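Dear colleague,

I am passing on the structure we spoke about, with the sequence alongside it. Please look it over first; my notes on what was found follow below.

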Amino acid sequence: MIYELRVYHCVPGRLPALVKRFETITLGLWEKHGIRQAGFWTVLVGSSNQDLYYLVEWESMAEREKKWTAFQNDPEWHAKRAETEKDGPIVASVANLILQPTSFSSVK
């Protein structure tokens, strides 16, 4: 099992719109494509309260490539994303890391 840590740095003031989009749109589309989330977080104490962190669980890099590509190319995703950004961009930048648990990790 591998995990993808993605960090969305929002345009100031747009974090609520991003959270709403994940809750009401994105997670449904992920389910359609078989993408499994392992958790979402916002920052309570830290350098920025305009960030959303989440983990996606993958069996392999091949699974990630297949399912993520299908999601990214989904016309419904493109339409819904455009609709949520009619008042302007939500995300300023995205960072991601592919993580592999260590032998002693409680998460395998």
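**Notes on the fold**

Helix H1 bends by about 45 degrees at Phe-22, and please keep in mind while reading this and what follows that the model is a predicted one. The helix spans residues 15-33 and lies across E1, E2, E3 and E4, running at about 15 degrees to E3. Its buried residues are Leu-15, Leu-18, Arg-21, Phe-22, Ile-25, Thr-26, Leu-29, Trp-30 and His-33, and what covers them includes E1, E2, E3, H2, helix H3 (75-84) and E4. Just after H1, Gly-34 takes a positive phi of about 75 degrees.

The sheet that H1 lies across is an open one, built from 4 strands in the order E2-E3-E1-E4 with antiparallel pairing. Strand E2 (36-42) and strand E4 (91-99) stand at the edges, and because each has a single partner strand, one side of each is left without a neighbour in the sheet. From one strand to the next, the twist averages 20 degrees. Strand E1 (residues 2-10) and strand E3 (residues 51-58) run antiparallel and are joined by 8 bridges, and within this pairing Arg-6 has Tyr-54 of E3 as its bridge partner. Helix H2 (residues 61-72) also lies across E1, E2, E3 and E4, although H2 runs at about 120 degrees to E3.

In soluble globular proteins, nonpolar side chains tend to be buried together. Here the largest nonpolar core has 18 residues, of which Leu-18, Phe-22, Trp-30, Ile-35, Tyr-54, Trp-68 and Phe-71 touch the most other members. E1, H1, E3 and H2 are the elements that give two or more residues to this core, and the largest share, 6 residues, comes from H1. Tyr-54 deserves a look in the viewer: leaving aside its neighbours within four places in sequence, Tyr-54 is in contact with Glu-4, Leu-5, Arg-6, Tyr-8, Phe-22, Trp-30, Gly-39, Phe-40, Trp-41 and Trp-68.

With best wishes

Key
Residues are numbered from 1 along each chain as its sequence is written. This is a predicted model: local features need pLDDT of at least 70, side-chain atom pairs count only at pLDDT 80 or more; totals for chains, interfaces and linings use all residues. Side-chain values use heavy atoms; hydrogens and water are left out. Two strands pair if DSSP finds at least two bridges between them. Axes are lines fitted to C-alpha atoms, for helices over the stretch in contact, and angles run from 0 to 180 degrees between N-to-C directions. Contact means heavy atoms within 4.5 Å. A nonpolar core is a set of buried Ala, Val, Leu, Ile, Met, Phe, Trp, Tyr and Cys residues joined through side-chain atoms within 4.5 Å. Buried means under 20% relative accessible area, exposed over 50%, partly exposed in between (1.4 Å probe, protein chains only). The bend at a residue is the angle between axes fitted to the seven residues ending there and the seven starting there.
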